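Please open the structure in your viewer and keep the selection panel at hand.

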Amino acid sequence: MIRIYNTLSQKKEQFKPIEPGKVGLYVCGMTVYDYCHLGHARILVAFDVITRYLRHSGFDVNYVRNITDIDDKILRRAAENGEVYTDLTERMIAAMHEDEARLGVLLPNAEPRATAFISDMIAMIKTLIAGDHAYAADNGDVYFSVSSFADYGKLSRKKLEDLLAGARVDVEQAKRSPADFALWKAAKPDEVFWPSPWGNGRPGWHIECSAMANHCLGDTFDLHGGGPDLLFPHHENEIAQSECATGHTFVNTWMHAGAIRVNKEKMSKSLGNFFTIREIMETYPAEVVRYFLVSSHYRSQVDYSEDNLIESGRSLTKLYNALRGVTPLASDAVARTSHDTLFAKRMDDDFNCAGAMAILHALAGEMNQQRRDGDEQAAAASATVLVRLGSILGLLQQDPELFFQSDSGSGEGNELSAEQIETMIQSRADARKTRDFAGADQIRDELLTRRVILDDSREGTSWRRG
């Protein structure tokens, strides 16, 4: 029995999909005007793990994650760059796909782009106007009438009267109420536009997700996810316009991942305190970054720091150390174990990755003891379970030797390439052949100072980054 914390009810609820065995999941994706930062990676990885576990549990998941490819920020950045906005968005989408591939994030079932669903948005806006939930203003914009939806604020627990009391009436004179929000924006001079019954223009931000989610998943679906900053106003507005347009409940369960924090502030582009995914992966292996993101509960806030990433590298290294030199069996060759049961128990409890990760480390500890006891068969079976459970978190899927010999190492200043290390190992071997043991030891010590550890055996010398 999977229990999920529902932001709407503010409590954990037993998950009961609308259609038994199937799950409809929509996650708000990226606005592609810049490279993705670590806060975006948190969302990508969190819902990747959730999707992996739901599928592992036997559900047929239809995972939809949109791309916002038309937006004020996109147009502004394209103008700053002196390029066509579509060139910017295509480049940033390609970069996003590269980043998520390195992080081991599986592609969603569908990745709709806002510009491909303009007609769906126009149709929904027409329905809202016909139902007196929206109105065309004199300036060519179309606004949603917040007061027409009695349940406005049910997700964020915000009251309309409080929003009105704190709003500036003169912000937009075309609105009937300062709380109303744009569904359609009239085109500015020399700005990209689409024709509509209200004149040339482009959609507002909120309407795109309602239209795409409806098109891909229907009037009502199971799960809707996103970052904590989207709860209000974006998700609140999605609910209002979708439920007024269809007359049905929009989403049964709302899920929000926690923010990445830097010096106790949310990581964001607007605050200028963000680090792009690719910047971080220049120093830290992608799997270490993923481990950092997975090792805490998806709803918790995560503190970004060099120390925390280094510690994640050390923890992941412990797991790979347990697997080193052990050949796992085929997954179906090892029956479900008590570790599988405990792992599932943790993940069934609102996808508690931190608790599940503890199971992996306990299993690795048992493997180490099995090897010390000389029970290689038991160690191989345990390795199979460790790799099997790791796959649900998107971890431990590469050969341990490749992990240890990663040029990026553990992120603690490794500078030597794999080729340089192999050359030094050969020089050490040559020194030992000529009985220059002092020279051989000097090479070994130099490698140690560069956090490269040598392991001598009958088969030769292997190495790993420490």
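A volume is the space filled by probe spheres set on the points. This is a predicted model, in which local features need pLDDT of at least 70. Residues are numbered from 1 along each chain.

**First stop: the largest pocket**

Select Thr 31, Lys 73, Trp 205, Asp 229 and Leu 230, the closest to the centre of the largest pocket among its 47 lining residues. The volume of this pocket is about 1,200 Å³. Next, select helix 1 (38-56) and helix 7 (231-246), which are among the elements that each supply at least two lining residues. Helices here are DSSP runs (H or I, at least four residues), and strands are runs of E (at least two).

**Second stop: the second largest pocket**

This pocket has a volume of about 160 Å³. Its lining includes Ile 18, Lys 22, Asp 60 and Phe 221. Which strand gives the most to this lining? Select strand 3, which contributes three residues.

Select residues 306-323, the 18 residues of helix 10. Its buried residues (under 20% relative accessible area, 1.4 Å probe, protein chains only) include Leu 309, Leu 316 and Tyr 320. The buried residues of helix 10 pack against several helices, including helix 12 (353-372) and helix 13 (376-392). Finally, select Gly 325, which follows helix 10 and has a positive phi, near 80 degrees.

Conventions:
Predicted model: local features only at pLDDT ≥ 70, side-chain atom pairs only at ≥ 80, totals over all residues. Heavy atoms only, no water. 1 Å grid on protein atoms, 1.4 Å probe; cavity = no way out; pocket = protein on both sides within 12 Å on 5 of 7 lines; lining within 4 Å. Expected span 1.5 Å × (residues − 1). Buried < 20%, exposed > 50% of the residue type's maximum accessible area, 1.4 Å probe, protein only. Contact = heavy atoms within 4.5 Å.
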